[in-house]
Amino acid sequence: MEKSTKQYIIAAVAVIAAVGIVLGGLVLYSGMYPPFSVINSGSMMHSDDSSIGTIDTGDMVIVQDPDKKDIVTYVEGATTGYSKFGEYGDVIIYRDGNRNIIHRAMLELTLQSSTIVSQTWSIPSLIGYDDWDIVDSSGNSIKYYTWNETNGTLTLLLINANARLQLTDVGYGNTTCSVTLWNMGQNMEEGQSGYLTKGDNARTNPNFDQSLGITDSLVTPDRIQSIASVEIPWIGCIKLLFNGNIDQIPGNSIFCLIASIIGLIIAIFAINYAIERHLSKKNEE
């Protein structure tokens with residue numbers, strides 16, 4: 001076997017081994033297989049163009065098993081400073097019917113008790129958080145509810161069954177989001193917890209998923225498939241192109257993907273050239 005052929009075989013084996021090691025490491029880190037997910041919608045985008053640091057159409061995200069990490073909500077992140085992908089809180093992937101939705105966990109609520117005439121919710125993360133209120137359908141504050149600042153419980157009466165829990169100045173778009181809590185409680189058992197969720201895109205997703213009809217109930221832990229952990233920009237565009245979804249890809253993503261691939265190829269050739277020069281000098285000695 002010629003020396004050059006041996007070198008190519010060794011190089012191919014090394015590449016395959018490296019890919020295997022990287023994939024194995026990702027699976028261990030993620031706790032899931034596959035350890036990544038491709039983004040095929042723009043509901044998390046912060047602008048019309050893709051950018052590093054946010055979740056855009058055509059990105060790929062490395063995900064984690066929800067049992068390996070505690071979920072931090074938007075409200076909790078706003079009070080502690082914890083942020084992920086350009087906004088406060090964690091981004092989760094949850095199941096709704098036959099589709100997976102990747103949106104941000106905004107607020108966790110637990111239905112503490114429910115009767116014919118009242119509902120009591122445990123929402124401790126609202127303690128010390130100022131940008132919320134209980135409002136009527138017109139957005140005006142109402143008075144007939146009980147909020148316990150000490151333990152974070154909120155009690156609504158049947159007379160206020162249409163009252164809405166409202167968060168203001170949400171996200172980069174400073175949107176106002178609200179949801180009818182009484183309706184959420186009708187679909188839950190006492191002691192059950194769930195999350196209000198929302199896409200970051202202030203234009204296409206201006207409200208909670210539960211108010212836009214994306215899902216009709218709080219996202220309970222059993223519906224959460226994974227937690228988004230690391231963004232790999234643009235590489236998911238390859239899958240979208242093969243699926244014929246080129247119209248969904250942001251205009252600058254294809255250019256960035258091509259530039260990245262060219263840069264990678266140049267880097268490989270540069271490394272190979274450096275190795276060959278090093279070996280050549282060594283042989284001359």
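**Entry 1, the largest pocket.** I started with the lining of the largest pocket in this predicted model. I found 25 residues there, and Ser37, Val38, Asn40, Ile93 and Asn100 lie nearest the centre. For the volume I noted about 620 Å³. Which element gives the most to this lining? I found that β6 does, with five residues.

I wrote down about 70 Å³ as the volume of the largest cavity. Its lining holds 13 residues, with Glu87, Val170, Gly171, Lys198 and Asp200 nearest the centre. The classes here are five nonpolar, four polar and four charged.

I then turned to charged pairs and got five salt bridges for the structure.

Asp200, already on my cavity list, turned up again: Arg104 forms a salt bridge with Asp200, and the closest N and O atoms are 2.7 Å apart. Here Arg104 sits in strand β6 and Asp200 in the loop between β13 and α4, so I logged a link between distant parts of the chain, 96 residues apart. Are these two buried or exposed? Arg104 is buried at 0% relative accessible area, and Asp200 is buried at 7%.

Asp90 pairs with Lys69, with 2.6 Å between the closest N and O atoms. That pair also links distant parts of the chain, 21 residues apart. I noted Asp90 as buried at 0%, whereas Lys69 is partly exposed at 22%.

Asp48 and Arg203 form another salt bridge, at 3.3 Å between the closest N and O atoms. Asp48 is in the loop between β1 and β2 (60-64) and Arg203 in the loop between β13 (193-198) and α4 (209-212), so the pair ties together parts 155 residues apart in sequence. Asp48 is exposed at 58%, and Arg203 is exposed at 60%.

I also marked a network of salt bridges that links Asp96, Arg99 and Arg223.

Last, I looked for nonpolar side chains on the surface. Leu23, Tyr33 and Phe36 form a patch there, with about 310 Å² of accessible area together. I placed Leu23 in helix α1 (residues 3-30), and at 32% relative accessibility Leu23 counts as partly exposed.

Key: Residues numbered from 1 in each chain as written. Predicted model: local features only at pLDDT ≥ 70, side-chain atom pairs only at ≥ 80, totals over all residues. Heavy atoms only, no water. Patch = residues over 30% accessible without salt bridge, like charges linked within 9 Å, V, L, I, M, F, W, Y side chains within 5 Å. Areas by Shrake-Rupley, 256 points an atom, 1.4 Å probe, with all protein chains shown as cover. Salt bridge = Lys/Arg side-chain N within 4 Å of Asp/Glu carboxyl O. Helix = DSSP H or I, 4+ residues; strand = E, 2+ residues; numbered from the N terminus. Buried < 20%, exposed > 50% of the residue type's maximum accessible area, 1.4 Å probe, protein only. 1 Å grid on protein atoms, 1.4 Å probe; cavity = no way out; pocket = protein on both sides within 12 Å on 5 of 7 lines; lining within 4 Å. Points joined across faces, edges and corners; volume = space filled by probe spheres on them. Nonpolar A, V, L, I, M, F, W, Y, C, P; charged D, E, K, R; others polar.
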